[in-house]
Amino acid sequence: MHSKQTTRLSKFLSLHLRHRPEAIGLKLQAGGWVSVDELLAACAAKGVPISRDELQEIVARNDKQRFAFDEAGTRIRAQQGHSVAVDLQLRPATPPAVLYHGTAPAALPAIRRDGLQKMSRHHVHLSPDVETARRVGARRGQPHILTVDAAAMHAAGAVFYESGNGVWLVDAVPPQYLGGL
Ligand code: HQG
């Protein structure tokens with residue numbers, strides 16, 4: 001498959017597996033899962049036919065491993081980034097001592113005041129390394145990298161989750177745990 005086509009289909013899947021499942025007649029099951037058969041039928045009905053092989057390729061080639069099949073390969077979900085109410089059934093985990101967050105300079109005054117907020121997502125998304133944080137922040141122009149004292153937050157009782165694709169998730173990061181503000 002052409003990479004432009006893969007990207008187009010991947011965006012279509014992100015939209016419906018994270019944000020608007022109902023727009024193609026899907027309902028996310030617990031954990032955010034949908035049946036692969038139902039997904040492919042729903043896409044075809046919307047004029048976006050995807051074969052099973054193409055779906056495998058989209059999942060495998062996705063730059064951020066945004067999607068995952070279940071063990072049996074009969075269900076698929078977005079690994080994170082949902083805006084619809086869904087319980088991803090993630091297990092709390094101990095984060096690395098330091099995590100990173102790439103943001104836009106324009107957001108800094110609000111972040112200084114309120115810390116990192118989840119905005120329209122379910123969690124604040126944190127990166128395990130500076131490079132990833134830079135890429136996330138670069139979506140909004142010149143990125144500004146913040147460090148997060150995850151060890152101190154964890155010691156103070158904050159609950160962290162690691163999504164299947166290495167993104168660390170937390171409810172909020174109060175300003176006192178942020179470096180680089
Ligand atoms: C900022 C993409 C004002 C925050 C990426 C960010 C990531 C505040 C924006 C994933 C704020 C929210 C997540 C506050 C945070 N005041 N602005 N108090 N607190 N912000 O997209 O972390 O392509 O929801 O810094 O690669 O940028 O979707 O979060 O700039 O992995 O797979 O508000 O999304 O992955 O933006 O990105 P987002 P994010 P996907």
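Strand 6 and strand 9 (residues 178-179) run antiparallel, joined by two bridges. Val148 has its bridge partner in strand 9, and that partner is Leu178. Keep in mind that this is a predicted model.

Strand 6 has another neighbour. Residues 144-149 form strand 6, and six bridges tie it to strand 4 (residues 98-103). This pair also runs antiparallel. Look at His101 for one of the pairings: its bridge partner is Leu146 in strand 6.

Strand 4 leads on to the largest pocket. It is among the elements that each supply at least two residues of the lining, along with helix 4 (108-114), strand 5 (124-126) and helix 5 (130-138). Helix 5 gives the largest share, four residues. The pocket holds about 960 Å³ of space. By class, the lining has 14 polar, 11 nonpolar and 10 charged residues.

Now turn to Arg75. This residue sits in strand 3 (residues 75-78).

Arg75 and Gln29 are 46 residues apart in sequence, yet their C-alpha atoms are 9.8 Å apart in space. Their side chains make a polar contact at 2.9 Å. Leaving out residues up to four places away in sequence, Arg75 also touches Trp33, Val34, Ser35 and Val36. Ala68, Phe69 and Asp70 complete the list of residues it touches.

Note on methods: Residues are numbered from 1 along each chain as its sequence is written. This is a predicted model: local features need pLDDT of at least 70, side-chain atom pairs count only at pLDDT 80 or more; totals for chains, interfaces and linings use all residues. Side-chain values use heavy atoms; hydrogens and water are left out. Two strands pair if DSSP finds at least two bridges between them. Contact means heavy atoms within 4.5 Å. A polar contact is a pair of N or O atoms within 3.5 Å; within protein, one must be able to donate a hydrogen and the other to accept it, and residues adjacent in sequence count only if both atoms are side-chain atoms. On a 1 Å grid over the protein atoms alone, a cavity is a set of points where a 1.4 Å probe fits but cannot get out, and a pocket is an open set with protein on both sides within 12 Å along at least five of seven lines; lining residues have an atom within 4 Å of a point. Grid points are joined across faces, edges and corners, and a volume is the space filled by probe spheres set on the points. Ala, Val, Leu, Ile, Met, Phe, Trp, Tyr, Cys and Pro count as nonpolar, Asp, Glu, Lys and Arg as charged, and the others, Gly among them, as polar.
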